[in-house]
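Q: Hi! I'm new to this one, could you walk me through it?
A: Happy to, here it comes.

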Amino acid sequence: MIPGVCSFKEGLRLLESKSFREPIENKVKEGMCLFGICLGMQLLFESGTEGGKTPTPGLSLIEGNIEKFSQDITIPHVGWSQVKLKNNHEITRNLEDDYFYFVHSYKGNNVKADNIIGETMYGELFPSFVAHENIMGTQFHPEKQQKRVEYPKGIWEADRMQLELIPAIDLIDGKCVRLTEGELNQKKTYSNKPYEIAKYFEEQGASRLHLVDLDGAFKGQMTNIKTIERIVQAIDTPVQVGGGIRNFEKITSLLDLGVDRIILGTKAYKDPEFLQTVLEKYQNQVVVGVDVKADKVATEGWVQVSETSTYDYIRTLVDKGVKRIILTDVSRDGKLEGLNLQLLKELLSFNINIIMSGGVGSLDDLIDLMDLQSENLEGVILGKALYENRFELKTALQEVK
């Protein structure tokens, strides 16, 4: 956290006198979350005019500069003002437009629209909530708000590995099913009311759900939209959705439904230009599914196996700017025999967040994941182990704390 102290110029002088600047920059590059409040947010930008006649260079972690409010309004801006949320971000998932406490005379200017996740009107509209990848900041003081602000993992416990456990709900004909090794002839139906399964996982403490339209994955066109919509409406927990998402219109419609993340698999692999276009608009909401058979990338619901190695494909995704992938060893999916840790270890060197999938059968498998202690290992998908009562989600969540 960067607290608010004195002026912009004095704040930079303090950071440099304590030799904090280089460690901050290094930790941000390593992927650690950085959150600035009030002046702390302002220091994240490229420059500021407070405290000197010429602009003082800032940390340059977010594009833009800090300038004084217009002389036509009363400054400092003090009191409770409304923050209107704009772009979706993990930190705002449990927030809504609300009033927060401000005290400042300077504001962000020339800030990229994609980095503004909240705006406030005080004489003029200014960015009051900003984020760029793992860097976030608020011009207001969230600690004075009565509602609890849920900061992303890594801000308070940056030195401790966090592993998100994500229950899966696979859909065929509007029903909750599980396959083994992705084979339709090895299907087992667990519920005709997937929204009830979603509500159960939410009650167990799930922080996110993983929904897959298997009809869409096999046929290339989503057919379980109504079921997905009902699930999203039934719970408050964020959901990520994949399976048959092959065009921009479908992405937009899913996000409009309230889906938090979009998973692209076959389309991302076969149409790199499409992936690049989607990333330019929705980078933080895009997850690429990397499905693996014998170290080769599989597509079309795992039916087709390419000649591209997993290693080469992920390297391409990193070069394109993909931030997060779901890595699934198809040969282990639904078999409850443990994860392919060897494959995972080989890929953790890439600068990309990995959610592992395929094979979790016991709590010991989760402990094995935790033992890797990698910042790039973000989470794990839980499927058949939950449905076959190998363990409960709430028990697993306690295990990985």
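**Helices, sheets and loops**

A: In this predicted model, the axes of H7 and helix H9 (residues 272-282) come within 11 Å and cross at roughly 30°.

Q: Which residues make the contact of H7 with H9?
A: From H7 there are Phe248, Ile251, Thr252 and Leu255, and from H9 there are Phe274, Thr277, Val278, Lys281 and Tyr282; contact means heavy atoms within 4.5 Å. By class, this contact of H7 with H9 has six nonpolar, two polar and one charged. Here Ala, Val, Leu, Ile, Met, Phe, Trp, Tyr, Cys and Pro count as nonpolar, Asp, Glu, Lys and Arg as charged, and the others, Gly among them, as polar.

Q: And how do H6 and H7 pack?
A: Helix H6 (residues 225-234) packs with helix H7 (residues 248-257) at an angle of about 30°, and their axes are 10 Å apart. H6 and H7 are therefore roughly parallel to each other. On the H6 side, Ile225, Glu229 and Val232 meet Lys250, Leu254 and Leu257 of H7. That contact of H6 with H7 has four nonpolar, no polar and two charged residues.

Q: Switching to sheets: what is the order of the six strands?
A: The order is S1-S10-S9-S8-S5-S6, in an open sheet with mixed pairing; two strands pair if DSSP finds at least two bridges between them. Strand S1 (34-37) and strand S6 (98-104) stand at the edges, each with a single partner strand, so one side of each has no neighbour in the sheet. On average, neighbouring strands of this sheet are turned by 30° against each other, direction ignored.

Q: How many bridges join S8 to S9?
A: Six bridges join strand S8 (residues 116-122) to strand S9 (residues 124-132), and the two run antiparallel. Ile116 stands opposite Val130 in S9.

Q: What about the sheet of four strands?
A: That open sheet has the order S3-S2-S4-S7, and the pairing is mixed. Strand S3 (56-57) and strand S7 (106-109) are at the edges with a single partner strand each, so one side of each is left without a neighbour in the sheet. Strand S4 (residues 65-68) pairs with S7 in the antiparallel sense over four bridges, and Ile66 has Gly108 in S7 as its bridge partner.

Q: Where is Pro76 found?
A: Pro76 is in the loop between S4 and strand S5 (77-85). The peptide bond from Ile75 to Pro76 is cis, with omega near 5°.

Q: And what is phi of Ser60?
A: Phi of Ser60 is near 55°, a positive value in a residue other than glycine. Ser60 lies in the loop between S3 and S4. Most residues other than glycine have a negative phi, and most peptide bonds are trans.

Q: What pLDDT does the chain average?
A: The chain averages 87, and 93% of the residues score at least 70; pLDDT is the predictor's confidence in each residue, from 0 to 100. Over residues 146-160, pLDDT stays under 50.

Notes
Residues numbered from 1 in each chain as written. Predicted model: local features only at pLDDT ≥ 70, side-chain atom pairs only at ≥ 80, totals over all residues. Heavy atoms only, no water. Axes fitted to C-alpha atoms, helices over the stretch in contact; angles between N-to-C directions. Parallel < 35°, antiparallel > 145°, perpendicular 65-115°, else oblique.
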